Amino acid sequence: MASTSGTPGTTGPAALPRASVRLRRRLLGGVTALSALALTACGGGAFGTGDGRTTITYWLWDANQQPAYQQCAEDFENSQSEYRIDVQQHGWEDYWTQLALGFVSDSAPDVFTNHLSKYPEYVTRDLLMPLDDLVERDHLPLDIYEEGLTELWTGEDGARYGLPKDWDAVGLFYNEDMLREAGLDPAQLQNLTWNPEDGGTYEDVIARLTVDENGVRGDEPGFDKHHVRTYGLWMQGAGGDGFGQAQWSMYAVSNGFQYTDTNPWGTHFNFDQPAFQETMTWWQHLIEEGYSPAFAVQDGQQSADQMAAGNAAMAMDGSWMTGTFTGIEGIRVGIAPTPIGPSGERASMSNSLADSIFAGTDHPEGAWEWVKYLASPACQRVVGEYHVVFPAITEAWHVAQQKFAEEGIDVSPFTDQVEQGTTFRFPITEHAGEISALLIPAFEAVMSGAPVDSLDEVNEEINGLFEED
Amino acid sequence: MATITGGAAAATPVPRPAAHPPSNRRRRETRAALVFLAPAALGFLVFFAWPTLRGLYLSLTDYDLLTAPEFSGLDNYRTLIHDDVFWNSLWVTLEYVVINIGVQTVVALALAVLMHRLTQSTVIRGVLLLPYLISNVVVALVWYWMADFNLGLINQGMDWIGLDRIGFFGDENWAIPTIALVNVWRHMGYTALLIFAGLQAINRDVYEAAAVDGANERRIFFGITLPLLRPVLALVLIITVIGSWQIFDTVAVTTKGGPVDATRTVQVYIYDQAFTRFNFGYASAISVALFLILAFVAFAQLRLMRAGESDQS
């Protein structure tokens with residue numbers, strides 16, 4: 001039944017208003033109760049759900065996205081009568097540990113949200129189910145996704161290990177009132193330039209927005225950098241598992257830096273190159289000048305909370321934080337794109353998540369049906385409607401963009417990066433866990449004032465990991 | 001099962017138990033003892049002995065949890081000796097233990113003596129124990145928020161009286177003392193109660209004799225209380241020091257080992273290696289090292305403090 005591709009048929013339930021979905025579900029409940037009897041009579045499908053449906057467990061980490069996927073699960077259950085979806089959310093901090101323990105004890109979810117930094121290590125241990133045969137069998141269209149996303153989930157062995165669910169980009173969130181107080185116009189922020197020598201117009205704006213406890217601005221004489229009330233640019237942790245997604249990657253890459261020799265599957269990192277270290281020197285200089293908080297100062301509450309408290313005028317963060325920033329009460333928050341660097345272009349990391357199937361699942365067919373539904377326009381349009389993240393299917397992220405626009409939020413600083421091709425990919429390599437463990441303390445040290453060339457040593461250690469192979 | 005037969009045999013000679021040969025009786029006692037020890041022994045074997053042996057074995061392997069362990073001899077230990085992060089973690093943990101135990105013992109002793117000399121109120125004892133009843137994680141998070149650089153109550157207060165703000169959890173020099181003091185706050189009441197119990201065991205006559213001889217409070221404390229309290233203090237110190245060496249939860253919910261490696265204690269490092277980097281073999285080797293260190297510390301304390309003997313006759 002699945003061979004004719006369930007996607008067009010399943011668009012129906014998503015388009016229905018919620019109330020009628022519930023009604024339909026109740027009607028379906030009666031039908032499935034009957035089929036349950038039939039199933040148990042045959043001695044199959046007895047997985048304790050009462051209605052004879054097989055339960056497929058699904059994990060994700062972002063609580064903000066749970067309602068959207070819960071809706072997808074409900075629609076999926078209404079579209080067929082064989083499977084029930086159990087959506088479980090586990091916070092990012094514990095997600096990967098719990099998943100690993102699940103793999104060991106054979107209790108891992110059938111389907112889970114996967115991350116580019118994690119999946120190579122699972123592939124080498126045969127923990128993920130290759131999807132190629134299924135994609136071919138069901139004639140799944142792969143050209144509906146935003147360009148390049150499906151390739152990210154093709155392993156080093158050439159097999160496909162996930163279907164893309166969303167993408168993200170990085171941008172500059174700013175407090176509009178503070179901007180006006182400083183005599184700046186939001187339009188100015190749309191075309192800032194940056195370079196590692198003097199920081200360009202980008203640093204001018206950051207300095208202008210920094211205010212000390214006496215009300216003196218960062219670009220005025222008498223500025224007291226030791227007693228800053230509002231930082232021009234907030235910095236959050238060494239961040240991004242050490243890959244600087246929302247911390248420094250946009251500057252470094254616009255300065256010509258590339259993480260690895262090739263991407264994906266690079267085997268040599270470039271943290272010892274001038275293009276990178278110049279950037280880090282400038283980054284550190286922001287802290288020294290008092291324009292950005294030092295590591296000890298930023299530790300604790302998230303950047304959105306710091307903006308809400310008036311401690312930060314601007315913060316670089318990911319598109320998935322749009323709802324959090326623009327939802328801050330009492331202040332107006334706008335979004336600007338990352339600055340244009342020496343390369344003459346902007347740069348933004350664009351990461352993409354996908355849904356993968358655990359190789360040890362007891363219900364490979366059910367898991368596949370669910371993954372296929374998650375990757376279908378029906379579900380991704382629902383995710384778009386909830387507009388927390390940008391879905392992977394082009395027409396579905398247009399829905400999200402429009403939803404944001406209806407609330408008066410212009411997300412073009414993120415979407416332009418994709419449409420103008422100024423995004424770059426997260427470095428997909430082996431040993432990502434080890435690399436993060438080495439990078440995080442190293443960047444924390446740099447944020448706390450350690451010399452930038454201390455990164456040479458870490459880079460050597462990381463490259464050593466690949467030589468052992 | 002052995003008890004039933006033993007019990008049946010014992011039923012007949014009830015009238016003249018003394019006539020029984022002593023060896024027979026001893027055998028019965030041994031059996032009874034074994035039966036009573038069995039549950040505890042089972043627990044010991046399943047939850048302590050077996051995991052310890054398995055840990056020892058794993059420390060000699062290359063094991064990533066997801067594929068079968070591969071024997072690698074002493075490789076892990078060789079790596080360990082050259083691992084700066086491990087040595088740093090030992091140093092960090094030692095710093096934590098010294099601050100935590102030092103402050104905690106002095107404060108707890110002072111509280112216990114005050115309770116002993118001044119009040120019999122159970123309400124006050126209850127209040128002292130209160131922090132200990134709150135979950136470690138909750139305590140850690142509450143202090144983490146209160147000590148936040150920008151939004152925390154403590155820094156707001158310091159600002160208000162004109163002091164500079166401090167990044168309690170975010171500054172490399174402050175992080176360990178802060179975490180150590182948070183745990184002092186949580187454990188001091190409990191430790192004080194343990195010491196208080198020891199104080200109550202000291203014979204009152206000794207104090208009366210001291211009072212008759214005209215000794216002041218200071219002399220009484222150093223001449224009587226402290227020496228007579230030694231065995232109890234020794235026990236309390238051994239328990240608290242071993243617990244202190246295993247600091248993990250407070251770090252896990254606040255600094256997670258950072259800034260840099262400033263709070264990467266041994267236990268945190270073991271967890272990092274095992275559960276975020278999947279080096280289970282290597283993590284086991286660090287655990288074995290920690291086990292040896294703790295065994296040595298406990299042994300040294302027992303000997304140095306002569307915990308087995310009392311000065312009280």
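Figure 1. Helix α4 of chain A covers residues 92-104, and its 13 residues should span 18 Å at 1.5 Å a residue; the end C-alpha atoms lie 19 Å apart, which agrees. The expected span of a helix is 1.5 Å times one less than its number of residues. Helices (H or I, at least four residues) and strands (E, at least two) are DSSP runs, numbered from the N terminus. After α4(A) comes Asp106(A), with a positive phi near 60°. The model is predicted: local features need pLDDT of at least 70, side-chain atom pairs count only at pLDDT 80 or more, and totals for chains, interfaces and linings use all residues. Residues are numbered from 1 along each chain as its sequence is written, and chains are lettered from A and ligands numbered from 1 in the order in which they are written.

**Figure 2. Two loops of chain A with backbone exceptions.** Most residues other than glycine have a negative phi, and most peptide bonds are trans. Asp126(A), in the loop between α5 (119-124) and α6 (132-137) of chain A, has a positive phi near 60°. The peptide bond from Asn263(A) to Pro264(A) is cis, with omega near 0°. Pro264(A) sits in the loop between α10 (249-254) and α11 (274-288) of chain A.

**Figure 3. The three-stranded open sheet of chain A.** The strand order in this sheet is β8-β5-β9, with antiparallel pairing. Strands β8 (314-318) and β9 (333-336) of chain A are at the edges with a single partner strand each, so one side of each has no neighbour in the sheet. On average, neighbouring strands are turned by 35° against each other, direction ignored; axes are lines fitted to C-alpha atoms, for helices over the stretch in contact, and angles run from 0 to 180 degrees between N-to-C directions. Two strands pair if DSSP finds at least two bridges between them. Strand β5 (residues 170-175) of chain A is joined to β8(A) by five bridges, and Tyr174(A) has Met314(A) as its bridge partner in β8(A).

**Figure 4. Strand β3 of chain A and two of its partners.** Strand β3 (residues 111-114) runs parallel to β1 (residues 54-60) of chain A, with two bridges between them. Here Trp59(A) is opposite Phe112(A) in β3(A). Four bridges join β3(A) to β11 (residues 352-357) of chain A in an antiparallel arrangement, where Val111(A) is opposite Ile357(A).

**Figure 5. Contact between the two domains of chain A.** Domain 1 of chain A consists of 2-167 + 353-406, and domain 2 of 170-350 + 431-467; the bounds come from an automatic or database domain assignment. Eleven residues of domain 1 of chain A are in contact with nine of domain 2 of chain A. Residues are in contact if their C-beta atoms, placed from the backbone, lie within 7 Å. The domain 1 side of this contact has six nonpolar, two polar and three charged residues. Ala, Val, Leu, Ile, Met, Phe, Trp, Tyr, Cys and Pro count as nonpolar, Asp, Glu, Lys and Arg as charged, and the others, Gly among them, as polar.

**Figure 6. Contact between chain A and chain B.** In this interface, 22 residues of chain A are in contact with 21 residues of chain B. Elements α4, α12 (295-298) and α19 (432-447) of chain A each give two or more residues to the chain A side, and α19(A) has the largest share, six residues.
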